[in-house]
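Please examine the model below together with its sequence.

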Amino acid sequence: MIQSTYKSMYRPNFYESTCLRCNDTVYQVDRVGPLKDFSFFHSGCFKCATCGTKLTLKTYYNNQHRQEDKEVYCSSHVPKIGPGHLDGSSVGIRSALNVPKSSFVNEQIRGPGRGSFDGEPINVKTHINGNSNLQASPPGYDRHGHYSPNSYPQTNHSDSPGYQYGRFDASALHIAHALKQTELQKAYRTHREKPIDCYLDRDEQRRLEMKHRKEEDDLYRKFARHREEEERRIRDEIHDEWEKELERLTNRFEREMQVKRKRDEQNILTLRHQQEREDLEKNMTLRRDKKKESLTRKMLEHERAATAALVEKQSHEMLELINEKRSEYMMAESLYVDGNEDVGYTDDLPPYPSHAPVPAPPALSKFQIYSDPIEFANVDQIAISVAQEDQKSFTDLVRQLVGRCGSDIEKARTIFRWITVKNLNTMSFDDNLRGDTPMGLLRGIKNGTESYHVLFKRLCSYAGLHCVVIKGYSKSAGYQPGVRFEDNRFRNSWNAVYVAGAWRFVQCNWGARHLVNAKEAPKAGNKTKSDSLRYEYDDHYFLTDPKEFIYEFYPLQPEWQLLKQQISLQEFEELPFVRSLFFRYGLYFSDPNTKAVMFTDSTGAATVRIAMPAHMQGSLIFHYNLKFYDSDGDSFEAVSLKRFVMQSVVGNMVAFRVHAPCSGAFLLDIFANAVTPKEYLTGEPMKFKSVCKFKICCEDLQTVMVPLPDCASGEWGPTKATRLFGLVPITHQDALVFAGRELEIQFRMSRPLTDFMATLHKNGVEEKRLSKFVTHNVSDDIVTFNISFPEEGQYGLDIYTREMGPIHDITGEKHLLTHCCKYLINSSKRN
């Protein structure tokens, strides 16, 4: 009540208030405030009272311990708490210091051994491949200096749903508060702005939009006139050409008719003339259609460029209007929401820039801004709800989207999600669309003159966000590893939007929703088809880190790589061909020499190694496909090319060793899927999605390669048995086994399994003939497989099992045996 009284008292004097520092009159054009107790300053007097440092509304501090002190200070000289007092941030340290000492060592926080640390709970992620000597590496790179998406410095998000690191038990709670204080210093923070309605009248913004719409209408009318003129020109050209050719045919026909006197000959000439005329008509129609197609393509390119230029100009004007009104408002009142405990006016949180900054690499990774899309659940729901309705103006659309968004990230997010939910590619439009109708807003999409990226830029300008459209190359549909970017086949566009204090990539088109199969049955009482359909979008393409984005997109302007060290087009071509799922699973290449094109050695072998993050090792299943590069052929001499690849998993590394059966080029496609052991044990078919592709080149094969035994597809070795079935190998931990004429393989069950079965395979020998050479027995929790080999050579051993329980489930379906693991065995008397 007192505060409102002060406001009413000071409101009439806003235009001639007094500066707290110099006591002279402050006029609106040079005023900062109102601040504490409605004090005002000249912009030149708005300095730290102690050191004289120039301050802004984002960087000033008040004395929180003396109410009568209305002065402003910088962060270094703001009065602090005196000795003997504890503020809120000290409580965590005090509680940690007061905890009684204990000899108990929490193994979740500190691993066994003196001075050792468990990397996961404290969020230190290093990729050690048999070497314990750690070296400091820059963010985003492993100790070899090779980029790893998991090497970014990460913050503690132990409260985030599904977060895998930083888990503590009850005995560790005495340090939780102290850790929270550290977390607040590391986590990304942002100001909560008041909605645009506070400083820009909706009607004023709509008036500017109407001006822009008139310019757009004029441009579309210009496009229509130009199209009509060009179509008329083509019709006239084709008609003139038709007349000339027809005249030539007619003259020739008349001359020949004068020569031929017999009726039969004249009839033959007449029929031939009619046929030639029909052929001419068909050819002229084809030529006309080709000309129109070529002309339409050229005109569309021109129209897109003209539309993009107009949107560029209009976006600049819209941003100027918003920045002008925002600045005027900030001179009178604070733009930021009060009462946000997590956000303060700090030096590291500058205001949103009024002019677009120059492109530069972001200081924070995407993970440091948000670790899970669930953090945007409320914002995403706004976008989904708005997408169900139609709006008559961009002003109304954007205000519905960003009206409840307090940060620039949330504004960009709602626009991104609206575009991905709206599914503009499949929308149907009326032929006669006016700009003042709801669907008329998107007529540029319908006409093909406006792309997702231009639309995203336009909507961002209405929300007051800087956004650019970037042109370049992309490894899009039809691209294969090893292809050179020599023409316009793979030209593409995408966006960079300035949020979270940096330029960040957005690819709306690739992030747009796509149809996936849904297991859910339609709801009762509603039999519409849409109930059984499920749509997904790809979150990878929202605020993508430059070090990941560069794997798929190469800008024509190098500065828009947003990398500290820019790469050339040739280096871009050499980067492995990866898809978004590769980064979603946290995969990375441990070998810095991994390229899009891999060359075999003299034996025809090449190996691709992919590393997994620790929290995904228990759930990721890989698969592969090998075929000839220049054809769809997937067999060599009637043998599947898959049998020339050995897939194995050791620790966090999955390796694909290709043995080319002949010289030439091959395409290796690697797939992955994340499943739980329970899902895998059902035996139901799994769907895999591509994560990366490689071109394997064998220039000179000096060794004849034989295919692997015809075992079940998938990885070799016992790793899968352990992580999915809890079956721990006792005798043989490696995929490759060297044995004599007899072999014993033992496992220990860590959970109940039953109905074991093993099959033996050898090239050129029927499986039935080998079945009698494999036996097994189970004793307590030990499973033993005994193999006697009928002859020397290379064998494959498949092992199957299922979980203990009823042989039929509640639906009456029988539980099938599931492939558990397989070994490659070389049997010889010398072993």
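Which residue has its backbone oxygen 3.0 Å from a polar atom of the side chain of Asn-495? In this predicted model, the residue concerned is His-453. Asn-495 itself belongs to strand β8, which covers residues 491-499. Its relative accessible area is 0%, and the residue is accordingly buried. Leaving aside residues up to four places away in sequence, Asn-495 touches His-453, Phe-456 and Lys-457, as well as Cys-467, Val-468, Val-469 and Ile-470. Arg-504, Phe-505 and Val-506 are also among the residues that Asn-495 touches.

Burial can also be followed along a helix. Helix α7 spans residues 377-387, and its buried residues include Val-379, Asp-380 and Ile-382. Ala-383, Val-386 and Ala-387 of α7 are buried as well. Viewed down the axis of α7, the buried residues fall within an arc of 150°, so they line one face of the helix. These buried residues pack against two other helices, α8 (394-402) and α9 (408-422).

The charged side chains come next. The structure holds 45 salt bridges. One of them joins the side chains of Lys-194 and Glu-333, with an N to O distance of 4.0 Å. Lys-194 is found in the loop between α3 (176-186) and α4 (202-259), and Glu-333 in the loop between α5 (263-332) and α6 (366-369), so this pair ties together parts that are 139 residues apart in sequence. Glu-333 is partly exposed, at a relative accessible area of 35%.

Other salt bridges are formed within a helix. An α-helix has 3.6 residues a turn, so residues three or four places apart point the same way. Within helix α5, Lys-313 and Glu-317 are four residues apart, about one turn of the helix. Their side chains meet in a salt bridge, at 2.9 Å from N to O. Lys-313 is partly exposed, with 33% relative accessibility, and Glu-317 is also partly exposed, with a relative accessible area of 21%.

A further pair is located in helix α4, where Asp-203 and Arg-206 are three residues apart, about one turn of the helix. The closest N and O atoms of this salt bridge are 3.0 Å apart. Asp-203 has a relative accessible area of 41% and is partly exposed; Arg-206, at 23%, is partly exposed too. What does this pair belong to? Salt bridges that share partners join Asp-203 and Arg-206 with Asp-197, Arg-202, Asp-396 and Arg-399 into one network.

The cysteines complete the account. A disulfide is a covalent bond between the sulfur atoms of two cysteines. How many disulfides does a search of the whole structure find? The search finds zero. Cys-820 is in no disulfide, and the nearest cysteine sulfur, which belongs to Cys-821, is 4.4 Å away. The cut-off for a disulfide is a pair of cysteine sulfur atoms within 2.5 Å. Cys-820 is buried, with a relative accessible area of 0%. Cys-405 is likewise buried, with a relative accessible area of 3%.

Technical notes: Residues numbered from 1 in each chain as written. Predicted model: local features only at pLDDT ≥ 70, side-chain atom pairs only at ≥ 80, totals over all residues. Heavy atoms only, no water. Buried < 20%, exposed > 50% of the residue type's maximum accessible area, 1.4 Å probe, protein only. Polar contact = N/O pair within 3.5 Å; in protein donor to acceptor, adjacent residues only side chain to side chain. Contact = heavy atoms within 4.5 Å. Arc of directions from axis to C-beta.
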